[in-house]
Amino acid sequence: MAATRQANWSSRWAFIMATVGSAVGLGNIWKFPYEAGQGGGGAFVLIYLVFVFVIGTPMLIAELSIGRRGGLSPIGSMRKVALEEGRNGLWQLIGWSGVIGAFIILSFYSVIGGWTLAYVFKSIMGAFSDITPDGADVLFNALLSDPITLTIWHASFMAMTMGIVMRGVEGGLEKAVTLLMPALFVLLVFLVIYAGFTGAFKQAVVFLLIPDFSKLTFDVGIEALGQSFFSQSIAMGSIMTYGAYLSKDIKVGQAAVTISAADSAVAIMAGLAIFPLVFAYGLDVGGGPGLIFQTLPIAFGKMAFGAVVGALFFGLLLVAAITSSISLLEPGVSYLEHTHGIKRKKASTYAGAAAFLLGILTVLSFNTLSGFTIADMTFFDMFDFLTNNLLMPLGGMFVAMFIGWFMLRKNVMEELAMEDKWFRVWYFLIRFVSPVGVAVVFIWLLYGKFFAG
Ligand code: PHE
């Protein structure tokens, strides 16, 4: 392993913005609303929040601590900390699973980031003006069915990601996130206010925030757990990598709670910006993955200044996506940098180009190869399944087990520097609640996928 710490966050603020930037992304604004819509609204939101604070936040604390203690890439850090604790170096497999998982997510994340980029332009060009539901459908499907156009948008999104990561932690990551994240918050607040004045705000609040417990099924619970992991960037090396750039004086517990609170706040605000429009224009809350792309343009097309509001909205989604995609590229780059001594510029180019190439399979999943499925899954579905349903829960479970059962309590306590009573709460959650909770859901999922029906 090569040298340790090469870069550090210049301030606590920069670190928080970067980590919130990783957490807040397509997961919050694109995925959360349609999952909440399909999962019956308030019931889904409530259980999602429980998972965020009971399982996800303790895991964030664990990942930040291991990353900081190791000071290397996720692979290097896991190996180093395991060896220091007198454990087997094979614990580095958690790091591998993260780096590979992040790479796979990046490959399809960039394709969807590309849709967003396309929609910013469509809105500016007035493509939504007076569009009908059928028209919005046609517009979206025309994009999905055209592999060349999709590839160009995907390439543009990846190039933006690579451009930022190439410039390093202080020059690239920090500059981008400290500028983009506050801009995103301001835009989102503006959109919620806009929706409050023009949409069916009350109906949206009732739908999202008042749980109807009859809708709380086991499947909704599973979706909520998967969504909370994805949204909090758990077990994909991103958080561990950002932890490696963290100085000792920052309290990981407080940081993790701040990150989780901001992440959930953005998801709920996104819901409050979107559902009032969905209800006001009589659109379908259970519209699925196309929800924001197929339904919001109808609303933008009807409202005053819709082209501007639409461009703002998709611009906001783009910002959120980029601050996440840089955290997906960073683990691989930090591995190439730390372990193989490859310069950051080169490392970003190699890793980004490879993820771009893999992403072509996702591009083709929506058109040329849409009929090519294994176990009923297209390439895109497979990448999503592999990361969201396998690598994330397993990785999270092993991180929790490692810190909870295989590290000396004394060392963990020293690293966390938490008040005694909070440490005890966290220690209980990470040793028992997280691993057992994830194991139950994981087994259920696999059973449902491969053995039932
Ligand atoms: N959390 C990001 C989102 O919500 C996605 C992500 C997952 C980023 C895993 C990094 C690691 O969009």
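Predicted model: local features only at pLDDT ≥ 70, side-chain atom pairs only at ≥ 80, totals over all residues.
How much of the accessible surface of the chain belongs to carbon and sulfur atoms? I started my notes there: the accessible surface comes to about 17,200 Å², and 69% of that belongs to carbon and sulfur atoms.

**Entry 1: the whole chain**

I went through the secondary structure next and got 18 helices and zero strands. The radius of gyration is 21 Å, close to the 22 Å that the globule rule gives for 453 residues, so I can call the chain as compact as a globular protein of that length. I also looked up the box that the C-alpha atoms fill, taken along the principal axes, and wrote down roughly 65 × 50 × 45 Å. Of the 453 residues, 60% count as buried. Then I turned to contacts with a separation of 6 or more: residues 24 or more positions apart account for 82% of them.

**Entry 2: H8 against H12**

I picked a pair of helices to follow, H8 (residues 168–198) and H12 (residues 252–280). Their axes come within 8 Å and cross at roughly 35°. I noted the crossing as left-handed. Which residues of H8 meet H12? On the H8 side I listed Phe 185, Leu 188, Val 189, Leu 191, Val 192, Ala 195 and Thr 198. On the H12 side they meet Ala 262, Val 266, Met 269, Ala 270, Leu 272, Ala 273, Pro 276 and Leu 277. Sorted by class, the residues of this contact give me 14 nonpolar, one polar and no charged.

**Entry 3: H3 against H18**

From H3 I wrote down Val 54, Ile 55, Pro 58, Met 59, Ile 61 and Ala 62, which meet Trp 426, Leu 429, Ile 430, Val 433, Ser 434 and Val 438 in H18. The class count for the contact of H3 with H18 is 11 nonpolar, one polar and no charged residues.

**Entry 4: two residues in H5**

I then zoomed in on Gly 113, which lies in helix H5 (residues 92–124). Is Gly 113 buried or exposed? I found 0% relative accessibility; the cut-off for buried is under 20%, so Gly 113 counts as buried. Not counting residues up to four places away in sequence, Gly 113 touches Leu 26, Phe 157 and Leu 318. I also checked Ala 321, which is 208 residues from Gly 113 along the chain, and the two C-alpha atoms are separated by 6.2 Å.

Leaving aside neighbours within four places in sequence, Ser 110 is in contact with His 154, Phe 157 and Met 158. Trp 153 is 43 residues from Ser 110 in sequence, and I get 8.6 Å between their C-alpha atoms.

**Entry 5: positive phi in loops**

Where does Ser 233 sit? I found Ser 233 in the loop between helix H10 (218–231) and helix H11 (238–244). Ser 233 is not a glycine, yet I read a positive phi of about 60° for it. At 8% relative accessibility, Ser 233 counts as buried.

My last stop was Ala 417, in the loop between helix H17 (409–416) and H18. Phi of Ala 417 is near 45°, again a positive value in a residue other than glycine. With 41% relative accessibility, Ala 417 goes into my notes as partly exposed.

Note on methods:
Residues numbered from 1 in each chain as written. Heavy atoms only, no water. Axes fitted to C-alpha atoms, helices over the stretch in contact; angles between N-to-C directions. Helix = DSSP H or I, 4+ residues; strand = E, 2+ residues; numbered from the N terminus. Left-handed = near helix turned anticlockwise from the far one by under 90°. Contact = heavy atoms within 4.5 Å. Nonpolar A, V, L, I, M, F, W, Y, C, P; charged D, E, K, R; others polar. Rg over C-alpha atoms; globule rule 2.2 N^0.38 Å. Buried < 20%, exposed > 50% of the residue type's maximum accessible area, 1.4 Å probe, protein only. Areas by Shrake-Rupley, 256 points an atom, 1.4 Å probe, with all protein chains shown as cover.
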